[in-house]
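My notes follow, in the order I looked things up.

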Amino acid sequence: MVGHTASDVPPTMAVKIFSAGVAACVADIITFPLDTAKVRLQVGSAIQGECLTSSAIRYKGVLGTIITLAKTEGPVKLYSGLPAGLQRQISFASLRIGLYDTVQEFFTTGKEGTTPNLTRNVIINCTELVTYDLMKEALVKNKLLADDVPCHFVSAVVAGFCTTVLSSPVDVVKTRFVNSSPGQYTSVPNCAMMMLTREGPSAFFKGFVPSFLRLGSWNIIMFVCFEQLKRELMKLRHTMDCAT
């Protein structure tokens, strides 16, 4: 590796997977209260929209929801489910993000060899990674931004917005169906149809702002940390190789 800098050497698969796992966990810890607020807003809008009860707590906005939750149920409630979320990021995000470049290279070189939650994951994974990759490539190729933090930031924001637009309908239906009372909906399609007929198309985008705040901020933190971790780990490896 003499004569090469760390930036000249592509990160190994292990570096990518490790960096993706750490970055995803950091992003999850920071943005988890936004996810909790998003779910409460979506469930709250369902209750209010269907007039099930007048005694339910009404949440107003992302910040208002977080404050209300902290006051009524305690700050710890904002991180309810975090351990499971971190396990998911370690086992799932590390692979889906860390292996993205390898899988992309596999297919582009010509080599050969449903549940609502699944649908949502497919939409998010495909849109999030592909949009980020295409946006970053376009910015760098057209020399609008160098391959550094500002480029990663912009690409992550665009990826977060596009992903939120496409996944919001599935996410709202999933949240509504999972949190519905027994017998309220006969199936997921039935839930979607009742939402459409009772509340109109806009029902599928309820909670869009908190969803974008959660997904957008998660993408920014995760992708920026991921890119920086890859570089730092490769610099460390380069230094160790030169020393030996």
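First, a rule I need: a polar contact is a pair of N or O atoms within 3.5 Å; within protein, one must be able to donate a hydrogen and the other to accept it, and residues adjacent in sequence count only if both atoms are side-chain atoms.

Ground rules. I am working on a predicted model, where local features need pLDDT of at least 70 and side-chain atom pairs count only at pLDDT 80 or more, while totals for chains, interfaces and linings use all residues. Residues are numbered from 1 along each chain as its sequence is written, and side-chain values use heavy atoms, with hydrogens and water left out.

**Fold.** I counted 8 helices and 0 strands in the protein chain. My helices (H or I, at least four residues) and strands (E, at least two) are DSSP runs, numbered from the N terminus. For surface I used the Shrake-Rupley method with a 1.4 Å probe, and for residues only the protein chains shown count as cover. The accessible surface of the chain comes to about 13200 Å², and 67% of that belongs to carbon and sulfur atoms. I call a residue buried under 20% relative accessible area, exposed over 50%, and partly exposed in between (1.4 Å probe, protein chains only). Of the 244 residues, 41% are buried.

**Gln-89.** I found Gln-89 in helix H3 (residues 82-98). Its side chain makes a polar contact of 3.5 Å with that of Asp-28. Gln-89 is buried, at a relative accessible area of 5%.

**Salt bridges.** I take a salt bridge as a side-chain nitrogen of Lys or Arg within 4 Å of a carboxyl oxygen of Asp or Glu. How many salt bridges does that rule give? The count comes to 14. Asp-28 turns up again here, in a network of salt bridges with Asp-35, Lys-38, Asp-171, Lys-174 and Arg-214. Is Lys-38 buried or exposed? Lys-38 is buried, with a relative accessible area of 4%, and Asp-171 is buried as well, at 3%.

Next I checked Glu-73 and Arg-40, which meet in a salt bridge at 2.9 Å, N to O. This pair links distant parts of the chain, 33 residues apart, with Glu-73 in helix H2 (residues 61-73) and Arg-40 in helix H1. Glu-73 is partly exposed, at 34% relative accessibility.

Then came Glu-199 and Arg-176, with a salt bridge of 2.9 Å, N to O. Glu-199 sits in helix H7 (residues 188-199) and Arg-176 in helix H6, so the pair ties together parts 23 residues apart in sequence. Both Glu-199 and Arg-176 are buried.

**Helix H6.** H6 (residues 149-178) spans only 38 Å between its end C-alpha atoms, whereas a straight helix of 30 residues would span 44 Å at 1.5 Å a residue. The expected span is 1.5 Å times one less than the number of residues. Where is the kink in H6? I found a kink of about 50° at Ser-167, shortly before the proline Pro-169. The bend is the angle between axes fitted to the seven residues ending at a residue and the seven starting there.

**Lys-143.** This residue lies in the loop between helix H5 (116-141) and H6. Lys-143 has a positive phi of about 60° although it is not a glycine. Lys-143 is exposed, with a relative accessible area of 75%.
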